[in-house]
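Take a look at the model below.

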Amino acid sequence: MDAEGTSVALDEATLLADEAEYCSFGDTVHYLDPPKIFARCEGSFLYDLENRAYLDLQMWYSACNFGYANPRLNEALKRQIDTLPQLACQYLHTDRIELAAAIGRRVQQTFGMKGRVQFNVGGSQAIEDSLKIVRNASGGKSLMFAFEGGYHGRTLGASAITSSYRYRRRYGHFGDRAQFVPYPYCFRCPYGKKREDCGLYCVDQFARLFDTEYCGVWDSKVGVSEFAAFYVEAIQGTGGYVIPPPGYFEKLKQVLEERRILLVDDEIQMGFYRAGKFWAIENFGVKPDIIVFGKALTNGLNPIAGLWALEELISPDVFPPGSTHSTFSANPLGTAVALETIKLMSETDYEKITKEKGGYLLDRLRELKRRYPIIGDVDGLGMALRIEICEADGYTPSKAITDRMVDEAMKADLDVNGRRYGLVLDIGGYYKNVITLAPSLEISYEEIDLAVDLLDVLFTRVTAGR
Ligand SMILES: Cc1ncc(COP(=O)(O)O)c(C=O)c1O
């Protein structure tokens with residue numbers, strides 16, 4: 001503000017000095033030094049304070065599946081601002097009911113199961129709500145299975161079922177941490193097997209836990225498991241966009257059904273067509289008992305997350321009013337955008353779009369892999385793709401090269417056809433050596449080509465002299 005109280009655009013150096021002094025570093029990752037400040041966004045691009053363009057290949061960790069500033073979704077938000085922008089969450093409003101019904105019907109059509117939907121604000125909060133439902137339904141059991149490499153959020157309950165101890169280390173144990181089970185990360189099989197002839201040995205290893213009471217999780221006298229649910233991401237997000245092999249989830253689900261353990265499907269990152277289907281788990285032929293969603297439902301506008309659960313787990317008889325609550329859950333701005341997003345998805349063949357565009361991008365990434373030995377693996381399903389960066393042997397993970405790629409990409413000086421761009425990339429993976437690609441589902445083929453050209457320039461740069 002100046003002396004008259006009008007706001008004055010601050011220069012980047014002043015902003016960064018204020019950030020260093022007044023902003024907690026705890027609520028962001030602070031990977032880049034200096035941190036990057038962006039000023040506007042549109043389509044697949046972010047623009048910095050100097051109006052330099054950055055092609056975004058991660059779209060806010062898949063929260064903006066339908067492109068930045070999507071006009072149709074932005075318009076829904078503006079309309080709602082002029083009608084019912086605020087309403088206490090104890091009252092109902094049309095969009096909230098329609099949204100729950102649309103998601104409920106969608107699950108019913110897809111999986112043939114009846115259930116109910118409830119909302120919260122962020123993904124982690126929806127995960128917390130799911131934990132309540134699971135504990136309640138299992139008579140208060142607090143033990144869960146989850147995957148190594150899995151990520152379910154950073155509130156205390158969600159961190160307990162997220163594999164990284166890093167997120168728990170400073171805060172003590174608030175609840176029971178999950179028992180973490182190896183995920184079928186076939187490029188680096190935890191059991192040293194080969195996908196072609198492993199016979200899904202990893203599921204056999206999990207099933208073995210229930211062979212006798214002495215494995216520690218099963219009371220064979222009464223046939224009861226100590227564990228209430230298995231939390232899964234059908235495709236691991238933060239874990240590096242790892243895609244499980246065919247048959248994996250069917251075989252796992254069989255074990256869970258036999259042992260009466262619920263399957264909780266975290267779709268927060270992979271839902272809403274990121275992986276080519278409305279729910280990523282549809283790719284794998286199993287029915288979840290609970291689905292948790294968030295992120296792209298509002299395309300990154302007013303947040304809404306939530307869950308769908310089987311009727312027997314969530315009916316008002318067993319999960320009565322007030323079981324969960326948050327002031328901003330089902331906020332009318334969020335539900336208006338979410339409902340429009342659901343309409344957009346029902347009117348557009350995203351299954352076809354993501355298959356074609358994702359397939360095209362994957363083919364082009366495979367070309368890059370042939371030319372750069374440091375690319376150990378590329379893979380993808382729908383528009384969730386991965387590039388695993390290694391040393392020159394194509395296998396030893398290289399966090400150093402991956403970090404360099406992300407830093408160089410942020411310099412906004414990658415030259416393609418005489419124009420300079422930046423590239424927004426995200427790092428995931430167990431060894432922090434995977435570039436996880438989540439481009440806008442609305443990205444054009446020209447932009448995909450530009451993305452590959454920019455990656456090409458980047459690979460040339462980081463491999464020079466090696
Ligand atoms: C799979 C998955 N689950 C849960 C979460 C947590 O969601 P939020 O960050 O909205 O709390 C995330 C966020 O990245 C996620 O990717």
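In this predicted model, strand β14 covers residues 384–389. Six of its six residues are buried, so β14 is largely enclosed by the rest of the structure. Buried here means under 20% relative accessible area. Which residues cover the two sides of β14? On one side sit A384, R386 and E388, and on the other L385, I387 and I389. All of them are buried, so both faces are covered.

**Strand partners**

Strand β14 pairs with β13, residues 375–381. The two run antiparallel, and six bridges join them. They form a hairpin, with two residues between the strands. In the turn, G382 has a positive phi of about 60°.

Strand β14 also pairs with β18, residues 434–437. This pairing is antiparallel too, over four bridges.

Now follow R386. In β18, the bridge partner of R386 is T436. The side chain of R386 also takes part in a polar contact. Which residue does it meet? The side chains of D377 and R386 are joined by a polar contact of 2.7 Å. D377 is found in strand β13. Its relative accessible area is 15%, so D377 counts as buried.

**The ligand site**

Next comes the ligand. Around it are G122, G123, S124, Y151, H152, G153, E233, D266, I268, Q269 and K295. By class, this shell has two nonpolar, six polar and three charged residues.

| Residue | Protein atom | Ligand atom | Distance |
|---|---|---|---|
| Y151 | polar backbone atom | nitrogen | 3.3 Å |
| Q269 | polar side-chain atom | oxygen | 2.8 Å |
| K295 | polar side-chain atom | oxygen | 2.7 Å |

How much of the ligand does the protein bury? Taken alone, the ligand exposes 390 Å², and the protein buries 80% of that.

**Helix α5**

Just after α5, G139 takes a positive phi of about 75°.

**Helix α13**

Helix α13 runs over residues 445–463 and has 19 residues. From its first C-alpha to its last, α13 reaches 27 Å. That is close to the 27 Å expected at 1.5 Å a residue.

The buried residues of α13 are I448, L450, A451, V452, L454, L455, D456, L458, F459 and V462. Take I448, which lies in this helix. Is I448 buried or exposed? Its relative accessible area is 1%, so I448 is buried. How far is I448 from G358 in sequence and in space? They are 90 residues apart in sequence. In space, C-alpha to C-alpha, I448 and G358 are 9.5 Å apart.

Key. Residues numbered from 1 in each chain as written. Predicted model: local features only at pLDDT ≥ 70, side-chain atom pairs only at ≥ 80, totals over all residues. Heavy atoms only, no water. Buried < 20%, exposed > 50% of the residue type's maximum accessible area, 1.4 Å probe, protein only. Pairing = 2+ DSSP bridges. Near = heavy atom within 4 Å. Polar contact = N/O pair within 3.5 Å; in protein donor to acceptor, adjacent residues only side chain to side chain. Areas by Shrake-Rupley, 256 points an atom, 1.4 Å probe, with all protein chains shown as cover. Nonpolar A, V, L, I, M, F, W, Y, C, P; charged D, E, K, R; others polar. Expected span 1.5 Å × (residues − 1).
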